[in-house]
Every structure is written in C-alpha cells, then in structure tokens.
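Dear colleague,

I am passing on to you the structure shown below, together with an account of what was found in it. Please have it open while you read.

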Amino acid sequence: MARTATIVRETSESKVELNLNLDGTGKTDIDTSVPFYNHMMTALGKHSLIDLKIKATGDTDIDAHHTVEDIAIVFGEALKQALGDKRGIRRFADATVPLDEALAKAVVDISGRPYCVCTGEPEGFEYCMIGGHFTGSLVRHVMESIAMHAGICLHLHVISGRDPHHIAEAEFKALARALRFAIEPDPRVDGIPSTKGAL
C-alpha cells in the first residue's frame, strides 16, 4: 500500500498545499513563501528520503510565523496519515548531524503519543533573524508542531553551534535522518512494533 498523503489547509492567515511520499527518494518541490524555510524543508525532504511538495502563501507581510506554523502542522498531519497503522516500521531512530561548528542530535519514536523536547540552543538564538524572514524561535515551534500533529515523540538537542543558520540546518537535518530510519520498513518486524499491538 502506498504511504502517501495530500493535504490542503486554508485559513484567513495562510493556504498550504502539501503532498508527500514516505517511500520516495528525497525529491522536493518547495515554495513556502519564506526563503529560509524553503531551504530547511528542502533539506528535510532530501535527507529523510521523503518526496515532498509544498506550495504555501500567507500573511508574511505581517510575520512569517503563521505560514511557517501552518506548514509544520500540515506536514505533521500528512506524516501521520501516510504512516497509517505503522505496521512493520522500525519505530525508533536517532541521528547526529554536523554542519561545520554546529552539531545536533534528534531521537524519534513513532509512538502515536506526541511529545517534544528541544534543548541546547545557545542563549539568544531565538531572537536571531535568519535569512531576513525566519527567527530562531521558529525552529523549536516547527519541531513542536510537527511532533504534536504527527503523533511522534521527538527529542532534539543542539550539542554545539555558533552560526544561527548552521544550528537551524543541523536541527532540521538531524530530524530528517532520524525520521528516515524510524519510518522505514523493518524486514524483521511483522505487525505493529508495540507490546500494546497499536501505535
């Protein structure tokens, strides 16, 4: 069965059209209307091997926040939908990813229970403006929104870093790599990878 999802979400603040394929090759077509977020979501698709297409517009003349958040919500919902009953997946995975001086680690559990812990971002990172439109605080907000709407447990830890662009990109890439391994089929798993029989 194809593990795909297509979701359209429209509010007074944004319109998001998103399509993904969990069993892709990392092919992306991203237009979020927020340039740095394009870069981050392209990296997320590329390094998770999730084919990802996003077309979004919103009130970015006010702030990028609404559009960025709504895309994260839709990505989480699409991930949850495409995973279905999660039969046969690896479920747990972690990845540590460097980007020059920055180093980030992501640990995921495709548990059905949403939880997000983000630690280690340097003091003041949340106030940094990256690429002219994207504040550092949005990284954590994106991760929380994905985790809540996908129903996954995510622990994300910045181990080191100085440049805000590098820190954010290492975080997105760490999530991507952890997702890649957590959602992939495990040939040794027959059924739902839980003692409860459901995720």
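Strands S5 and S6 pair in the antiparallel sense, over eight bridges. Within this pairing, Thr96 has Lys105 of S6 as its bridge partner. The two strands form a hairpin with two residues between them, and Asp100 in that hairpin takes a positive phi near 55 degrees. Please note that the model is a predicted one.

The side chains of S5 fall on two faces. Ala93, Ala95, Val97 and Leu99 make up the covered face, whereas Phe92, Asp94, Thr96 and Pro98 make up the uncovered one.

S5 and S6 belong to an open sheet of four strands, in the order S5-S6-S10-S7, and the pairing in this sheet is mixed. Its edges are S5 (92-99) and S7 (115-119), each of which pairs on one side only. On average, and with direction ignored, neighbouring strands of the sheet are turned by 10 degrees against each other. Strand S6, residues 102-109, runs antiparallel to strand S10, residues 153-160, and seven bridges join the two. One of the residues involved is Leu103, whose bridge partner in S10 is Ser160.

Helix H4, residues 164-183, lies across S5, S6 and S10 and runs at about 150 degrees to S5.

How do H3 and H4 lie relative to each other? Their axes come within 10 Å and cross at roughly 15 degrees. The two helices are therefore roughly parallel to each other, since angles under 35 degrees count as such. The crossing of H3 and H4 is right-handed. On the side of H3, the contact is made by Val139, Val142, Met143 and Ile146; on the side of H4, it is made by Ala168, Glu171, Phe172 and Leu175. Of the residues in this contact, seven are nonpolar, none is polar and one is charged.

Strand S1, residues 4-10, pairs with S2 in the antiparallel sense over seven bridges, and the two form a hairpin with three residues between them. In this pairing, Val8 has Glu17 of S2 as its bridge partner. S2 is also joined to strand S4, residues 51-58, by eight bridges, and these two strands run antiparallel. Here Val16 stands opposite Ala56 in S4.

Along S2, residues 14-21, the side chains alternate.

Asp70 is found in H2, which spans residues 65-83. Is Asp70 buried or exposed? Asp70 counts as buried because its relative accessibility is 3%, and the cut-off for burial is under 20%. Residues up to four places away in sequence not being counted, Asp70 touches Arg9, Thr11, Ser14 and Val16.

Ile71 also lies in H2, and its relative accessibility of 0% is why Ile71 counts as buried. Leaving aside neighbours within four places in sequence, Ile71 is in contact with Val16, Leu18, Thr32, Tyr37, Met41, Ile54 and Ala56. Ile71 and Lys55 are 16 residues apart along the chain, and their C-alpha atoms are separated by 9.2 Å.

Finally, there are two loop residues whose backbone I would ask you to inspect. Most residues other than glycine have a negative phi. Leu49, however, has a positive phi near 65 degrees. Leu49 lies in the loop between helix H1 (35-48) and S4, and counts as partly exposed, at 29% relative accessibility. Arg91 likewise has a positive phi, near 80 degrees. The place of Arg91 is in the loop between H2 and S5, and Arg91 is buried, with a relative accessible area of 9%.

With kind regards

Methods. Residues are numbered from 1 along each chain as its sequence is written. This is a predicted model: local features need pLDDT of at least 70, side-chain atom pairs count only at pLDDT 80 or more; totals for chains, interfaces and linings use all residues. Side-chain values use heavy atoms; hydrogens and water are left out. Two strands pair if DSSP finds at least two bridges between them. Axes are lines fitted to C-alpha atoms, for helices over the stretch in contact, and angles run from 0 to 180 degrees between N-to-C directions. Contact means heavy atoms within 4.5 Å. Angles under 35 degrees count as roughly parallel, over 145 as roughly antiparallel, 65 to 115 as roughly perpendicular and the rest as oblique. A crossing is left-handed if the near helix is turned anticlockwise from the far one by less than a right angle, and right-handed if clockwise. Ala, Val, Leu, Ile, Met, Phe, Trp, Tyr, Cys and Pro count as nonpolar, Asp, Glu, Lys and Arg as charged, and the others, Gly among them, as polar. Buried means under 20% relative accessible area, exposed over 50%, partly exposed in between (1.4 Å probe, protein chains only).
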